[in-house]
Amino acid sequence: MSSTVITNIASLVTNDPSLGDNSPLGLIQDAAVAIDGDRVVWTGETSKAPATDNRVDAGGRAVVPGFVDSHSHLVFAGDRTQEFNARMSGRAYSAGGIRTTVAATRAATDAELEANLVRYLDEALRQGTTTFETKSGYGLTVQDEARALRIASAHTDEVTYLGAHIVSPDYADDPAGYVDLVTGEMLRACAPHARWIDVFCEKGAFDGDQARAILTAGKRHGLHPRVHANQLSYGPGVQLAVELDAASADHCTHLTDADVDALANSDTVATLLPGAEFSTRARWPDARRLLDAGATVALSTDCNPGSSFTSSVPFCVALAVRDMGMTPDEAVWSATAGGARALRRTDIGRLSPGAYADLAVLDAPSHVHLAYRPGVPLVAEVWRRGVRQV
């Protein structure tokens with residue numbers, strides 16, 4: 001392995017408040033980053049950069065940590081263009097649309113599913129995403145859920161078992177029987193391929209008691225909880241996530257004061273997914289309310305074919321600033337360090353000694369341009385584990 005220093009960085013986001021301007025972003029102006037192998041070993045001013053094997057000039061551009069996309073659904077087949085078109089013409093979104101993707105995913109071969117996954121991973125990488133989580137949930141049989149996780153686990157360590165996405169169409173008249181399957185045979189087949197377990201706790205999917213049973217069964221098999229919580233309506237999802245020490249409660253659109261207080265006084269991250277609200281014309285989550293209460297907020301794409309078909313974290317950053325009450329600094333932190341917190345990782349989401357050398361070079365002098373210039377492809381280079389990928 002060799003060492004590299006990237007110099008002449010106009011503005012470096014480290015997410016280490018002990019560095020630079022001592023803000024949460026730990027901003028360093030006229031900065032440099034030294035990399036040895038796959039890790040960051042030094043950050044500071046360019047004039048103080050250490051000697052290394054290689055020297056790269058960033059050309060006065062900004063550098064941010066690689067984006068951490070902590071919520072996606074990338075193992076699927078098919079497309080729901082007609083559903084989106086109808087919804088944009090006035091039809092409300094409901095959880096039932098997932099069944100369309102289930103049918104297409106079951107019919108796809110392993111090779112087709114993997115090719116689709118790789119396509120969207122490459123697309124996300126070009127936009128600065130260096131770590132991603134992805135879920136099963138579009139198979140809803142023992143075989144199809146297990147193969148989805150097996151395929152995903154070849155591409156990321158952050159794999160989530162979501163057999164409890166909706167009640168399988170095969171069990172439409174026996175939801176209790178499906179919960180038994182999800183917590184029994186299906187869980188046993190899927191647990192070896194996953195780190196996390198998730199449940200869609202929502203009207204039309206799983207109620208609080210069913211969700212608790214599913215998540216606690218997963219914990220017994222060594223899987224840590226995440227929860228699709230309070231997306232379409234008020235409900236028990238957030239409180240259940242906090243009760244079970246879930247790493248994240250995702251969506252968090254409809255929150256009571258008690259929900260906000262619970263998140264603020266726990267280690268459960270509120271992961272907000274603005275692409276879903278954009279794509280469904282739904283009510284925006286109130287990030288400002290959560291942040292002012294002291295909750296930790298992450299931003300993620302929720303990339304999926306039904307309700308948020310975007311792999312662009314920069315797009316979600318811009319939406320969060322424009323429509324969810326976040327400042328540009330808060331949105332960038334939430335899309336990097338916040339995502340790392342949602343995955344309970346300390347080795348990503350920051351650019352300070354000991355972290356993986358995952359970073360995005362922006363064709364702009366500041367991270368603020370991610371919100372200031374929405375829709376513009378600002379990511380000029382992407383480095384992952386110390387190697388330039390883009």
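**Notebook: salt bridges, pockets and cavities**

I looked up Lys135 and Glu133 and noted that both are buried, where buried means under 20% relative accessible area, exposed over 50%, and partly exposed in between (1.4 Å probe, protein chains only). The two residues form a salt bridge whose closest N and O atoms are 2.7 Å apart; a salt bridge is a side-chain nitrogen of Lys or Arg within 4 Å of a carboxyl oxygen of Asp or Glu.

I record that this is a predicted model, in which local features need pLDDT of at least 70 and side-chain atom pairs count only at pLDDT 80 or more, while totals for chains, interfaces and linings use all residues. Residues are numbered from 1 along each chain as its sequence is written, and side-chain values use heavy atoms, with hydrogens and water left out.

**Entry on salt bridges**

I searched the whole structure and found 21 salt bridges. One of them joins Glu158 to Arg345, with the closest N and O atoms 2.7 Å apart. Glu158 lies in the loop between helix H4 (142-153) and strand S8 (159-164), and Arg345 in the loop between helix H13 (328-342) and strand S15 (359-362), so this pair ties together parts that are 187 residues apart in sequence. I note that helices (H or I, at least four residues) and strands (E, at least two) are DSSP runs, numbered from the N terminus. Glu158 is buried, with a relative accessible area of 2%, and Arg345 counts as buried at 17%. I also noted a network in which salt bridges with shared partners join Asp110, Asp144, Arg147 and Arg150.

I then turned to Arg39 and Asp38, whose side chains meet in a salt bridge (3.8 Å, N to O). Arg39 is partly exposed, at 28% relative accessibility, and Asp38 is partly exposed as well, at 26%.

**Entry on pockets**

Grid points are joined across faces, edges and corners, and a volume is the space filled by probe spheres set on the points.

The largest pocket has a volume of about 380 Å³. I counted 23 lining residues, of which Thr130, Thr131, Phe132, His155 and Arg384 lie nearest its centre. Helix H3 (110-126) and strand S6 (129-132) are the elements that give two or more residues to this lining, and H3 provides the largest share, 5 residues. By class, the lining has 7 nonpolar, 8 polar and 8 charged residues (Ala, Val, Leu, Ile, Met, Phe, Trp, Tyr, Cys and Pro count as nonpolar, Asp, Glu, Lys and Arg as charged, and the others, Gly among them, as polar).

The second largest pocket has a volume of about 230 Å³. Among its 15 lining residues, Phe84, Ser279, Pro305, Ser308 and Phe309 lie nearest its centre.

**Entry on cavities**

I found 3 cavities of 30 Å³ or more in the whole structure. The second largest cavity holds about 40 Å³ of space, and its lining includes Ile6, Val56, Asp57 and Trp383. S4 gives the largest share of that lining, 4 residues.

Key. On a 1 Å grid over the protein atoms alone, a cavity is a set of points where a 1.4 Å probe fits but cannot get out, and a pocket is an open set with protein on both sides within 12 Å along at least five of seven lines; lining residues have an atom within 4 Å of a point.
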